[in-house]
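Please keep the sequence and the model at hand while reading.

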Amino acid sequence: MDEAQAITQLKAGDISGLQMLVETYQIEAIQAACLITGDRATAEDVVQDAFLRAFDKIQGFDETRQFRPWFVRMVVNDSIKAAIRQSRQISLKDDGEADYKTVLQKLTEYIREPEDAFEQKELVTEMRQAIARLSPSQRAAVVLHYFLNMSTAESAGQLNCAPGTLRWHLSVARARLRSLLASLK
Amino acid sequence: MKKENQTHWILQEIAEERSPGNTINLWPQIKSRHVLGAKERHIVTQTKNLKGGFSMKKSLLHAAIMLSLIAIAATAFIPTVRAQVIDWISGQTTVFSFMTPHSKVTVGLFSDGSWGFVPLSPTYLPIGDWVMVPDSYKDEVTGPDTLKLIFNKDNKFLILTERKALTGETLPVGDSVKVNDQPAVLFTGLSGEIAASIPLAKDGGVQPEPSGQVNINPVRYTDGVRLTWQVGEIRLEILSNLPLRQVMKIAASLQLVETEPAQMTTPEP
């Protein structure tokens, strides 16, 4: 069964069509939700709800378009809401520009492959800590662009952050990345 | 690895740490939720106890709640008298205790032994400022004295009821699951209203009304979970609007209160 057939089944009210979509997108969706919420159980709840809501709302889905962006939008938005609900002790203001800039800078600094397992572990640990300091919507921006490989326009469209913030930081990050790549040649 | 994929690789590593891809299999749960949601979605209203704060059936409960409030206030927030209060209530009550991020909370409930069993209490709750109110009443339908522990945090609740199992009593017909290898029956997708929202004072304690009563507000829920099972001779039921995974984890954490009290709040794995 391919995706189009699965969606046709869903539109006919047959829940079995959802199985193919779950098996195709569940890992990516849970990992993205987990990066945003920081909690596996919450991520699973978000993604389960999103799949069931996708089934409920499938009649409104335009099958000439791709399922993934439509579904990812639900997951990311719900993850942001869940992260806000569960982490009220963390600053939720989207003015954490310093942290945000730091993360983006680190993302572009690590352009060479880690040389050993220790360096890999250190790198991942540092990034995990940096990402945890971001607000939920900022984490979502990083996840959309760098983890889900969405375009800047797609990511910015789902962000709800200050206008131009994402684009400016990503532009700076890319410029730095180009510069560093050139210096290695 | 291509250099341009480095950032993706870092995030992938972090994601795999927290949610390894080979451990993810949502379909059975989604299918179960869909089927049960269609068949079992109904209104469950449980307001006969605690509604309006103090419409309890047994006069004993009034004393129990008051004692609970005293115990919470004294043991959680007045350390100098904590030991004395625990000593005082230990001799005549069943003592439940749990940890919040700020302090250990101890709650006592008068017991005349009519339950006929040693109660179980969770050793795990999700992190947060939970409040627990114990209740004891005679079940009008089944007869035996029943213990009810009501846990509340903001708009989240979990109600654990315990009573002696009736002779030959079986589990209801529903979705079969296991709790610590014991057969259990699960209903999900329940909706209704429960009078369980207990307002907190700024310092984390229960905020009583000037009269000394606790104002208990209703909580509406739309994705409730009910889990029924037996441990030995104890019939257990949990009703909660927490995520299913957390409900199952709480159920699996039950321990006899006299053998292992406290430590109710533990970090998520």
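In chain B, the loop that joins strand E8 (175-179) to strand E9 (182-197) contains B:Asn180. This model is predicted.

- B:Asn180 is not a glycine, yet its phi is positive, near 50°.
- B:Asn180 counts as exposed because it has 11 C-beta neighbours inside 10 Å, and the cut-off for an exposed residue is 12 or fewer.
- B:Asp181 also lies in the loop between E8 and E9 of chain B.
- The phi of B:Asp181 is positive as well, at about 70°, although B:Asp181 is not a glycine.
- B:Asp181 has 6 other C-beta atoms within 10 Å and is therefore exposed.

**Chain B as a whole**

- Chain B has five helices and twelve strands as its secondary structure.
- Of the 269 residues in chain B, 36% are buried.
- Among the contacts in chain B with a separation of 6 or more, 67% are between residues 24 or more positions apart.

**Strand E5 of chain B and its surroundings**

- Strand E5 of chain B covers residues 131-138 and is mostly covered, with six of its eight residues buried.
- E5(B) pairs with strand E6 (residues 145-153) of chain B in the antiparallel sense, and eight bridges link the two strands.
- Within this pairing, B:Val133 has B:Ile150 of E6(B) as its bridge partner.
- B:Leu125 belongs to the loop between strand E4 (120-121) and E5 of chain B.
- B:Leu125 is buried, because 23 other C-beta atoms lie within 10 Å of it; the cut-off for a buried residue is 20 or more.
- B:Leu125 and B:Phe151 are separated by 26 residues in sequence, and their C-alpha atoms are 9.3 Å apart in space.

**Chain A as a whole**

- The secondary structure of chain A consists of nine helices and zero strands.
- Along the sequence, the pattern of chain A reads α-α-α-α-α-α-α-α-α.
- Chain A has 185 residues, of which 39% count as buried.
- Where contacts in chain A join residues at least 6 apart in sequence, 66% of them join residues at least 24 apart.

**Helices H1 and H2 of chain A**

- The axes of helix H1 (residues 3-11) and helix H2 (residues 17-37) of chain A come within 7 Å, and they cross at roughly 135°.
- This angle makes H1(A) oblique to H2(A).
- The crossing of H1(A) past H2(A) is left-handed.
- From H1(A), the residues that make the contact are A:Ala6, A:Ile7, A:Gln9 and A:Leu10, and from H2(A) they are A:Gly17, A:Leu18, A:Met20 and A:Leu21.
- By class, the residues in the contact of H1(A) with H2(A) are six nonpolar, two polar and no charged.

**Helices H2 and H7 of chain A**

- The axes of H2(A) and H7(A) cross at roughly 145° and come within 8 Å.
- H2(A) passes H7(A) in a crossing that is right-handed.
- H2(A) brings A:Ala32, A:Leu35 and A:Ile36 to the contact, while H7(A) brings A:Pro136, A:Arg139, A:Ala140, A:Val143 and A:Phe147.
- The contact of H2(A) with H7(A) has seven nonpolar residues, no polar residues and one charged residue.

**The contact between chain A and chain B**

- Chain A gives 35 residues to the contact, and chain B gives 24 residues.
- On the side of chain A that touches chain B, at least two residues come from each of H2, helix H3 (40-56), helix H6 (117-132) and helix H7 (136-147).
- H2(A) supplies the largest share of that side of chain A, with ten residues.
- The side of chain A that touches chain B divides by class into 22 nonpolar, five polar and eight charged residues.

Conventions
Residues are numbered from 1 along each chain as its sequence is written. Chains are lettered from A and ligands numbered from 1 in the order in which they are written. This is a predicted model: local features need pLDDT of at least 70, side-chain atom pairs count only at pLDDT 80 or more; totals for chains, interfaces and linings use all residues. Axes are lines fitted to C-alpha atoms, for helices over the stretch in contact, and angles run from 0 to 180 degrees between N-to-C directions. Helices (H or I, at least four residues) and strands (E, at least two) are DSSP runs, numbered from the N terminus. Angles under 35 degrees count as roughly parallel, over 145 as roughly antiparallel, 65 to 115 as roughly perpendicular and the rest as oblique. A crossing is left-handed if the near helix is turned anticlockwise from the far one by less than a right angle, and right-handed if clockwise. Two residues are in contact if their C-beta atoms, placed from the backbone, lie within 7 Å. Ala, Val, Leu, Ile, Met, Phe, Trp, Tyr, Cys and Pro count as nonpolar, Asp, Glu, Lys and Arg as charged, and the others, Gly among them, as polar. Two strands pair if DSSP finds at least two bridges between them.
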